[in-house]
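Subject: Structure for your review

Hello,

The structure is below, followed by notes on what was found in it. Please read the notes alongside the coordinates.

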Amino acid sequence: MNRKIRVRFAPSPTGPLHIGGMRTALFNYLFARQHGGDFILRIEDTDAGRFVPGAETYIVEALKWCGITPNEGLAPDGKIAGTADAQNPHAPYRQSQRKPLYRQYAEQLVANGYAYYAFDTAEELDQLRKTTEAGGQQFIYNYSVRNHLQTSLNTPIDAIQQRLLSGNNWVIRFKMPENREVRMYDLIRGEVTVNTNTLDDKVLWKRIDELPTYHLANIVDDHLMEISHVIRGEEWLPSLPLHYLLYEAFGWSGSQPAFAHLPLLLKPDGKGKLSKRDGDRLGFPVFPLRWVAPDGEVSRGYREDGYFPQAFVNMLALLGWNPGTEQEVFTIEELTACFRLERVVKSGARFNPEKAKWFNQQYLKTMPDDELAQLYQPVLRAKNITASDAYVAAVCGLVKERATFVENFWELSSYFFVAPENFDEKIVQKYWKPETPDIICRAADLINNTIPFTKEELEKSAHAWIQRNDLGMGAVMNALRLCIVGASKGPGLFDIIVLLGNKKFKERISHSLALLKSVK
RNA sequence: GGUCCGUUCAUCUAAGGGUUAGGAUUCAAGAUUUUCAUUCUUGCCAUAGGGGUUCGAAUCCCCUACGGACUACCA
């Protein structure tokens with residue numbers, strides 16, 4: 001039985017996707033691609049009350065940024081497919097648009113005795129729950145209470161019809177069997193067993209918005225869309241028995257998908273799962289893209305914070321998964337090749353923002369200079385600086401290994417574009433002596449007259465000159481660096497000078513000399 | 001409270017019953033460098049506790065503790 005691998009990522013558009021959701025999407029994507037299967041994007045918008053405008057677009061954009069492209073579920077315009085075509089045979093992929101479909105399945109369950117209509121109101125239920133718990137008992141809506149309530153199980157057929165016709169004062173509940181051990185299998189956790197007595201009669205059909213609940217829609221769609229593997233967050237593990245039982249009730253157990261529940265992402269500090277608040281509190285993004293909530297509140301995004309999507313994806317992949325080797329830096333192709341569901345860790349992972357930075361640095365370091373130049377040019381233009389691509393690329397080449405983000409480039413390389421106006425106090429104190437200006441002038445002359453004007457040649461003649469005059473490497477080089485850079489940092493001084501060029505070097509020396517004179 | 005899942009350095013994790021318990025991030029020290037950074041070297045640091053099973057347990061079993069999720073007409 002060689003079933004086609006088909007997985008789905010099924011977020012609900014209640015807000016931006018956070019890191020955990022992105023990881024779930026990534027693992028689904030990797031798994032599908034590795035097996036030559038399909039990766040389907042489905043929108044689970046069966047809660048009209050929690051719908052947030054823009055969330056769906058955000059989800060599509062975020063996946064796109066990461067290079068996680070669904071091969072089913074999107075229309076040619078890049079949006080969620082709303083109608084079926086050759087490319088999207090199982091459309092629509094928004095559950096709200098699949099609404100007409102679900103009702104019959106719910107009714108089927110009622111007809112076959114696996115579900116029933118319940119006529120109690122939310123208020124009655126609340127009351128019942130309160131009194132039960134006040135009596136020290138825990139309230140479970142199951143066989144022990146369902147017979148005492150008004151349901152289709154204890155109401156004559158004509159009266160049921162009457163109630164159904166008289167309005168929407170009803171829900172459909174799953175009739176949880178009594179005292180059954182449900183044995184389930186999870187690809188990551190192994191066998192899990194639960195007794196049905198601890199479970200309750202979950203609502204499958206909501207009166208409030210006349211839509212199925214997650215549980216019903218999810219099972220029906222996974223079946224109809226021929227999903228082979230359900231890879232989702234651990235928060236769904238407690239509802240797995242219900243899902244098993246639903247497949248059974250529909251008679252679909254034979255084609256039921258395999259399940260894998262991913263460990264949760266925990267706060268970097270303290271207790272509990274990672275939340276939006278932690279990002280604000282600890283100063284790191286929890287969302288892939290910047291998100292502006294309908295109320296105007298802005299949440300940072302990895303993209304806007306200057307992370308490369310490759311680095312972000314790489315970081316995500318290593319959250320709760322590892323290849324068993326010591327490799328940490330992966331392209332998405334490499335990830336696709338070596339990802340194994342069985343190697344996903346069982347325990348929750350504390351999220352570490354530091355490691356995310358480290359990954360970005362790894363990618364920055366290996367990125368070609370001309371690509372970096374394209375990213376840096378807009379920053380320069382914003383500062384009214386015009387420089388050739390070749391020049392900017394050379395600058396990037398010299399500073400990239402000391403940066404984590406392109407954003408760091410300016411502070412690391414401003415002196416390649418503008419003369420320093422301020423000088424590091426400590427370095428001035430240490431290296432700027434009364435005789436220094438004279439030495440700098442002579443050194444500058446020497447440098448200006450060196451032919452060819454190359455790093456090697458400059459190094460050779462400068463070293464010889466310093467030695468000949470017994471001036472001390474540190475004293476001359478640091479003072480010279482102070483004039484060029486303004487501080488004691490940066491790449492090799494002769495690298496800088498050569499890139500700056502003879503003319504600019506001269507200007508820089510006289511400019512700084514004048515400034516430093518007034519400082520002293 | 002109930003149900004389920006989990007527990008190896010500060011953090012992410014490796015170790016199919018037999019290793020001085022390995023790597024990475026962070027931190028610290030040293031080397032290299034004219035400086036900063038990179039790089040390299042080194043260091044610090046862990047099997048939650050208690051019982052079993054076994055010649056031998058991080059690994060299998062039980063108990064305890066701790067952590068997490070779930071417990072809606074949310075997903």
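Two residues are in contact if their C-beta atoms, placed from the backbone, lie within 7 Å. Axes are lines fitted to C-alpha atoms, for helices over the stretch in contact, and angles run from 0 to 180 degrees between N-to-C directions. Helices (H or I, at least four residues) and strands (E, at least two) are DSSP runs numbered from the N terminus.

This is a predicted model, in which local features need pLDDT of at least 70 and side-chain atom pairs count only at pLDDT 80 or more, while totals for chains, interfaces and linings use all residues. Residues are numbered from 1 along each chain as its sequence is written, and chains are lettered from A and ligands numbered from 1 in the order in which they are written.

Helix H3 (residues 99-111) lies across S3, S4 and S7, at about 100 degrees to S3. These strands form an open sheet in the order S3-S4-S7, with antiparallel pairing (at least two DSSP bridges between two strands). Strand S3 (115-118) and strand S7 (203-205) are the edges, each pairing on one side only. On average, neighbouring strands of this sheet are turned by 40 degrees against each other, direction ignored. Strand S4 (residues 171-174) is joined to S7 by 2 bridges, and Ile172 stands opposite Trp205 in S7.

Around RNA strand B there are 59 residues (C-beta atom, placed from the backbone, within 6 Å), of which Lys271, Ser347, Arg350, Arg402 and Met477 come nearest. Among the elements that give two or more residues to this surface are helix H4 (122-134) and helix H19 (473-485). H19 gives the most, with 5 residues.

Regards
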